[in-house]
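I open the structure first and write down what I looked up after it.

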Amino acid sequence: MSVDDRQRKAEHIRHLLDTEGNNVHENTQVFNDGRYESTTDLDDYDGLKDEARAIKEDTIERLPELLDQVTEAVETNGGTVYLADDAADANRYITEVAGGRDVVKSKSMTSEEIEVNESLEASGADVWETDLAEFVLQVADEAPSHIVAPAIHKSREEIADLFNAHFDPEEPLETAEELTQFAREYLGEKIMDAEVGMTGANFITADTGTLALVTSEGNARKCVQATDTHVAVAGVEKLVPTVEDLQPFVELVGRSGTGQDITSYISLFTPPGDSPTFDEGGELGPGDDREFHLVLIDNGRMEMREDDQLRETLYCIRCSACANSCANFQHVGGHAFGGETYSGGIATGWEAGVHSQESAAEFNDLCTGCSRCVNACPVKIDIPWINTVVRDRINHEDATEFDFLVEGLTPDEEPGRMDLQKRFFGNYATLAKLGSATAPMSNWLAETKPAQMLMERFVGIDRRRDLPKFRRETLRKWFEARGGSRISPTDASREAVLYPDAYTNHVQVERGKAAVRVLEALGVSVQIPEVASSGRAPLSQGMIGTAERHAHDAYADLAEHIDAGRDVVVIEPSDLAMFAGEYEKFLPEQSAERLDSNSYEIMEYVYGLLENGASGRELRAGDGERVAYHSHCQQRTLGLEAHTVAVLNELGYDVLTSETECCGMAGSFGYKREYYELSMDVGNELESQFQAENARDRTVVASGTSCLEQLESLLERSSQHPVQLVDPGR
């Protein structure tokens, strides 16, 4: 990415933060709060998600067969099915069916994808969006910024100003009720006059041809029932095998997207219907000549089905939980975190599949891989992995025959023309070794203005960020100099390998020392061998080949210790998340399971030792010390936050936990020039909580490296890892 490109992106994000960010944030928080509450009420939330995923897996596996089945079912009922190859094919067919007649539509992201409105209007038809939010955007001539709530970026005041300027009503519209009533009456007339109704379909059952429409306003029913011709537009992935298969999706889609126990309107149509239609005078007439056309769109989906890495995208039920749960999306919305049609975490897969990798590349880096979206997704799609795969493909698309000239000079597996910024951050382990070897000179040089200007220009590191300070004496050197562990294996209750991640070994050495002393105080014999980097840094940059090499090297280094019965204790949550998640894709199944089952986060391990009889009397007691604690994103998604809180409580600390899910730093993300303002904007929530009256005098602790760095930049007081707090040698 060039300097100019970074500047343009930074300016675009700043603009959205100023103009749309507050509205998006407020509304996504409402959706999230509702999701937390609503899903808690389900007896078997995870079971429902497993059931829904199994149905989608089966559907996509049998998709050609189910397409034949639904075609037969609809045609037996008297309707027509058209399988469109792409957007142009779909628009040609739909335009011919409409024949220049006026069209009323309910909300459909698939119709946005193919841009059918433009095609219909070019044929002479008037087209009206009847969903309130889509109507607002049609009047404003704007694209949706959210899959479920298209106008989430607009406030009531902005909508009132828009309607008053565009429609010039006799009395200015102000309240939500007035705006809604105006739209209802205005669009009601359009629905009465239109002859063609167009809907999407949340789900289509292959056995009966039944359409399931999930809406909040009921306008879809009107578009179907008040018109002579019903055109339903849907991607081929919207099929499910049977009517019975709708049950888990009905339970999950509203809860996941908007936090509703059940959406206002769940309509099942097995068209064509025989309800009365309206004639030109608005009188009811017979409905026996009603037409129905089901337009099923491929537009790249069948290729996605054959793509092992993008295939999971087709399991998506378009609920928007991934967007709502994403800290970056919450602050900028889909006009930054989105492409030609789709927005949010899953948008990378959709955009790459139905539009282009170029479209996905515009926003792909806004995904920081925190994995909160995976927990929120009702079908458990591994969205960060899809985003990483596309990032990897983008890295490779500009490869040339001369790449070998660069490849031999860099310690990675990537093509020579890969973006320099990504290559820099992806090779952090090598950089850290060099930084420690040349410290303190490396630290002094990095702080000079010429060096900061060069790094900002060529690598895109924002000069407003304080860079890590490399330590000449690494954790491993310190450990060797002290003679290893003070607890011999024969005297120990357990043996453990403390994993020396790049930051702990070269920068945050004190937290590593504290971890050693805490483990020894609990009777554990510790080793800190030389172990390869986990591969988290290259993976975050989409350098999958390099990350896979790191994974094999790290496992090879740790396997001998696991064979010897030693536990693997990890300080940095993002590395533990690699062992628990991504290593499944890099290592043989048995190896990945073996490492995962023998690896523990440091405070999780301490908790386990205390629960199993170890004495904590040598650990530093809190004696009521007031602590403000922020856990790492991936620590939360792994379900490990509670262990730290439990240990601190047991040792007598008064713990206030962060209400903010993300600090905004997200590893290398917060260093990048184009994302600095967004990173700080996300972090402001955490700053506000920890500067509040009940927290401003508390000791600040955080579990992740990036969290600690962000807190240091946000607060006037220093922060530390929880293991340092309980360090008996402190």
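**Entry 1: cavities**

I began with the second largest cavity, whose volume is about 100 Å³. I am working on a predicted model, in which local features need pLDDT of at least 70 and side-chain atom pairs count only at pLDDT 80 or more, while totals for chains, interfaces and linings use all residues. Residues are numbered from 1 along each chain as its sequence is written, and side-chain values use heavy atoms, with hydrogens and water left out.

For my own reference, a cavity is a set of points on a 1 Å grid over the protein atoms alone where a 1.4 Å probe fits but cannot get out, and its lining residues have an atom within 4 Å of a point. Grid points are joined across faces, edges and corners, and the volume is the space filled by probe spheres set on the points.

I noted 14 lining residues for the second largest cavity, with Cys316, Cys319, Ser320, Cys322 and Cys377 nearest its centre. Sorted by class, this lining has 12 nonpolar, 1 polar and 1 charged residues. Here Ala, Val, Leu, Ile, Met, Phe, Trp, Tyr, Cys and Pro count as nonpolar, Asp, Glu, Lys and Arg as charged, and the others, Gly among them, as polar.

The class count for the lining of the largest cavity is 12 nonpolar, 8 polar and 1 charged.

**Entry 2: salt bridges**

I searched the whole structure and found 49 salt bridges, each being a side-chain nitrogen of Lys or Arg within 4 Å of a carboxyl oxygen of Asp or Glu.

Asp365 and Arg391 meet through their side chains at 3.2 Å, N to O. Asp365 sits in the loop between α17 (357-361) and α18, whereas Arg391 belongs to helix α19, 26 residues apart. I checked both for burial (under 20% relative accessible area is buried, over 50% exposed, in between partly exposed, with a 1.4 Å probe and protein chains only). Asp365 is buried at 13%, and Arg391 is buried at 4%.

Glu61 and Arg311 form a salt bridge at 2.8 Å, N to O. Glu61 is in helix α3 (residues 45-61) and Arg311 in the loop between α13 (301-306) and α14 (321-324), 250 residues apart. Arg311 counts as buried, at 17% relative accessibility.

In the pair of Asp567 and Arg494, the closest N and O atoms are 2.7 Å apart. Asp567 lies in strand β15 (residues 567-570) and Arg494 in strand β13 (residues 494-499), so this pair ties together parts 73 residues apart in sequence.

How values were computed: 1 Å grid on protein atoms, 1.4 Å probe; cavity = no way out; pocket = protein on both sides within 12 Å on 5 of 7 lines; lining within 4 Å. Helix = DSSP H or I, 4+ residues; strand = E, 2+ residues; numbered from the N terminus.
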